[in-house]
Amino acid sequence: MKRILLANDDGADSPGLQAAYEALAPLGQVTLVAPNSQESGASHAITLETPLRAAKLSDERGYRVWGHPADCVKLALDQFFPDGPPDLVVSGINQGSNGGVLVHYSGTVAAAKEATLQGYAAMAISLCQWKDPEYAASAKVLRLVAERLLANPLPRGVLLNVNVPKGPYEDLKGLRWTRQSLAPLSDLYERREDPRGRAYYWLSGTGPFRGDAERDDLIAVEKGYVALTPLRVDWTDESSYGGGGGGLLGDGALPK
Ligand code: MN
């Protein structure tokens with residue numbers, strides 16, 4: 001019996017998480033450990049200064065945690081798998097894209113990343129539909145990809161970031177192996193005034209957000225493909241490292 005840990009950043013009551021649970025249940029024993037509330041944009045935040053509380057879900061599927069997505073995975077791996085570690089850690093299904101540079105803000109990706117940092121096989125999955133999300137197709141994709149990952153894990157230190165276009169399963173063009181787009185966000189803050197006349201700001205959108213290369217995850221999704229992007233947790237830049245700092249930086253004695 002395979003063991004699967006399921007987390008997310010949209011909260012324990014989100015429909016995407018429930019869809020993921022149903023999709024994964026036929027593959028093994030699924031333990032759901034998710035934040036109590038909406039944690040999108042939390043990235044890899046963890047709780048250090050306050051107690052981390054968790055409560056069993058009433059349907060016995062797992063736990064809700066008063067913490068961040070990465071807290072959920074850290075706590076679960078240490079406390080909630082007494083019979084042995086999970087064979088796969090899944091985060092999602094997120095409401096909205098986690099393609100391109102959004103991986104750096106995403107709590108969904110961070111939950112999977114935490115598992116990868118600890119040496120477990122992990123994937124994040126997001127439905128690229130923010131408004132009125134319909135999870136049926138992405139749930140089907142999740143089951144397929146999770147089954148393949150359980151049989152053939154990626155190398156240690158690599159997690160799989162999956163982004164699914166909106167629309168029915170029949171309309172998906174297929175799977176595409178992609179790179180993370182580096183197209184920059186252009187933030188849109190809405191300026192408002194509170195009843196006392198003081199300005200406040202609300203991040204209301206990300207403006208134009210387009211990829212620019214053939215194997216780019218954003219382009220693949222735009223064309224109707226499921227984008228599968230392998231992400232490394234080793235951030236070392238190989239070209240700088242291998243070049244020994246270009247003679248300017250690198251190994252050497254400090255000046256007296
Ligand atoms: Mn989210």
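Mentor: Gladly! Keep in mind that this is a predicted model. Let us begin with Ser126, which touches Ile93, Asn94, Gly96, Ser97, Asn98, Thr108, Val162, Asn163 and Val164, leaving aside residues up to four places away in sequence.

Trainee: Where is Ser126 found, and is Ser126 buried or exposed?

Mentor: Ser126 is in strand β6, which covers residues 122-128. Its relative accessible area is 0%, so Ser126 is buried, given that buried means under 20%.

Trainee: With which side chain does the side chain of Ser126 make a polar contact?

Mentor: The partner is the side chain of Asn98, at 2.9 Å. Asn98 is also among the residues that Ser126 touches.

Trainee: Now to rings. How is a pair of aromatic rings described?

Mentor: By two values, the distance of the centres and the angle of the planes. Searching the whole structure gives 1 aromatic pair. Tyr63 and Phe80 form this pair, which is stacked, with 3.7 Å centre to centre and 5° between the planes. The pair links distant parts of the chain, 17 residues apart: Tyr63 belongs to strand β4 (residues 62-65), while Phe80 lies in the loop between α2 (69-79) and β5 (88-95).

Trainee: Are Tyr63 and Phe80 buried or exposed?

Mentor: Tyr63 has 19% relative accessibility, so Tyr63 counts as buried. Phe80 counts as buried too, because its relative accessibility is 17%.

Trainee: And which charged ends sit over rings?

Mentor: Lys140 has its charged end over the ring of Tyr169, 4.5 Å from the ring centre. The charged end of Arg176 sits over the ring of Tyr225, at 4.1 Å from its centre.

Terms used: Residues are numbered from 1 along each chain as its sequence is written. This is a predicted model: local features need pLDDT of at least 70, side-chain atom pairs count only at pLDDT 80 or more; totals for chains, interfaces and linings use all residues. Side-chain values use heavy atoms; hydrogens and water are left out. Helices (H or I, at least four residues) and strands (E, at least two) are DSSP runs, numbered from the N terminus. Buried means under 20% relative accessible area, exposed over 50%, partly exposed in between (1.4 Å probe, protein chains only). A polar contact is a pair of N or O atoms within 3.5 Å; within protein, one must be able to donate a hydrogen and the other to accept it, and residues adjacent in sequence count only if both atoms are side-chain atoms. Contact means heavy atoms within 4.5 Å. Rings of Phe, Tyr and Trp (its six-membered ring) pair if their centres lie within 6.5 Å; planes under 30 degrees apart count as stacked, over 60 as edge-to-face and the rest as tilted. A charge sits over a ring if NZ of Lys or CZ of Arg is within 6 Å of the ring centre and within 35 degrees of the ring normal.
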